[in-house]
Amino acid sequence: MRWKLFATLSETVGDNVLEVSVDAEEPTLRDAFDALLAAHPELESQVLDEEGALQDHLRLLCDGEDPFHSAEGWETDLGDVEELAMFPPVTGG
Amino acid sequence: MALDLDAEQLDRYSRHIIMDDVGPEGQAALLDSSVLVVGAGGLGAPVLQYLAAAGVGHIGIADDDVVELSNLQRQVIHGNDDVGRPKVDSAEEFIAALNPDVDVDTYETRVTQDNAESLIEGYDVIVDASDNFPTRFLLNDACMLADKPLSHGAVYKFEGQATTLTGGPCYRCLFPEAPPEGTIPNCAEAGVLGVLPGTIGAIQATEVIKLILDEGDTLEGRLLAYDAGGMSFDFVPIAPNPECPVCGDQPHIDSVTEGEYAGACTLGD
């Protein structure tokens with residue numbers, strides 16, 4: 001699965017586009033997210049809160065769409081999805 | 001609407017007036033409009049340049065900083081001799097030299113919970129060209145509550161974000177809360193490619209002018225994410241969030257004078 005990371009997230013892993021294989025027969029967004037963190041544990045402290053949930057200020061996209069609005073959230077079937085993305089807000093001016 | 005453009009204005013704005021999509025009516029609308037620009041730094045500089053050049057008749061500038069030498073790598077309305085002067089003064093002089101049609105009001109202050117409502121009152125469009133999350137969330141909430149269109153822009157190193165907010169969905173629908181303090185550095189901490197705020201600020205000025213002209217499709221409902229490194233443009237959809245505290249079904253923010261905007265910008269339920 002291709003992941004696209006932005007701003008501080010891409011800096012942390014040193015690249016803004018990553019290929020991360022997902023070891024599941026019918027992978028969901030949760031599977032792909034877990035695979036991303038397993039491949040890049042350096043992201044964990046930045047993307048997970050104290051309870052291990054995705055930080056409130058980060059957004060995930062499946063092929064440019066918000067899976068928590070247009071699909072099944074973490075359970076979104078990634079069968080036809082080509083690219084996932086994760087965004088933080090930025091604030092410089 | 002006043003269409004009494006004088007001979008000099010017909011010449012100055014001739015490249016607008018000749019276009020069907022602007023014309024004398026559109027130019028008159030620009031001259032009749034008022035825009036408040038919050039921040040006269042990296043983003044504010046190109047916003048002010050292009051709004052003033054376009055003949056936006058009344059421009060407000062809010063900023064409490066003075067010009068520093070390290071600003072001049074990107075803040076193109078300030079010059080070497082302005083170092084140490086208030087940015088609002090330097091910005092006002094720049095605009096006066098560019099276009100005498102523009103009336104400028106300056107506010108040498110931070111936008112705060114106490115002054116936000118009165119600052120935005122009286123302006124048609126607000127531009128968030130600030131550099132910190134508390135001001136961004138405060139402007140979002142104040143503009144949503146006052147039903148004022150808001151142009152949002154922000155930069156980080158090689159990347160920029162811009163969107164246009166007109167009554168919902170709002171910035172909080174996308175990012176309900178600011179990141180924990182220290183998570184996302186600002187320009188002073190992280191650095192910024194000097195030309196990047198020029199690109200994002202020019203996009204913000206474009207959005208403001210389209211709003212005033214009521215022309216084209218704005219960034220309402222989507223966040224533009226620009227990466228100058230890869231020269232790529234991505235769009236993040238912004239869906240209305242029914243649980244949004246300011247524009248959702250049961251909003252609990254009804255004034256910006258209450259709640260907490262410093263630090264992580266978390267607002268109590």
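In chain B of this predicted model, B:Asp32 is found in helix H3, which spans residues 23–32, where helices are DSSP runs (H or I) of at least four residues and strands are runs (E) of at least two, both numbered from the N terminus. B:Asp32 is partly exposed, with a relative accessible area of 49%; on this scale buried means under 20% relative accessible area, exposed over 50%, and partly exposed in between (1.4 Å probe, protein chains only). Although 24 residues separate B:Asp32 from B:Val56 in sequence, their C-alpha atoms are 7.1 Å apart in space.

Residues are numbered from 1 along each chain as its sequence is written, and chains are lettered from A and ligands numbered from 1 in the order in which they are written. Local features need pLDDT of at least 70 and side-chain atom pairs count only at pLDDT 80 or more, whereas totals for chains, interfaces and linings use all residues, and side-chain values use heavy atoms, with hydrogens and water left out.

Strand S4 of chain B (residues 125–128) is covered on both faces, with B:Val125 and B:Val127 buried on one side and B:Ile126 and B:Asp128 buried on the other. In a regular strand the side chains alternate between the two faces of the sheet. Strand S1 of chain B (residues 34–38) runs parallel to S4(B) and is joined to it by four bridges, two strands being paired if DSSP finds at least two bridges between them; within this pairing, B:Val35 has B:Val125 as its bridge partner. S4(B) also pairs in the parallel sense with strand S5 of chain B (residues 150–156), over three bridges, and here B:Ile126 stands opposite B:Leu150.

The contact between the two chains (heavy atoms within 4.5 Å) takes 23 residues from chain A and 37 residues from chain B. The area buried between them is about 2,400 Å², of which carbon and sulfur atoms give 60%; buried area is the accessible area (1.4 Å probe) that two parts lose on being put together, summed over both. In chain A, the residues that lose the most area to chain B are A:Val90, A:Thr91 and A:Gly93, together 28% of what that side buries.

Two salt bridges are found across the interface of chain A and chain B, each defined as a side-chain nitrogen of Lys or Arg within 4 Å of a carboxyl oxygen of Asp or Glu. The side chains of B:Lys157 and A:Glu11 meet in a salt bridge at 2.4 Å, N to O. On the side of chain A that touches chain B, helix H1 (7–13) and strand S3 (59–62) are the elements that give two or more residues, and H1(A) gives the most, with four residues.
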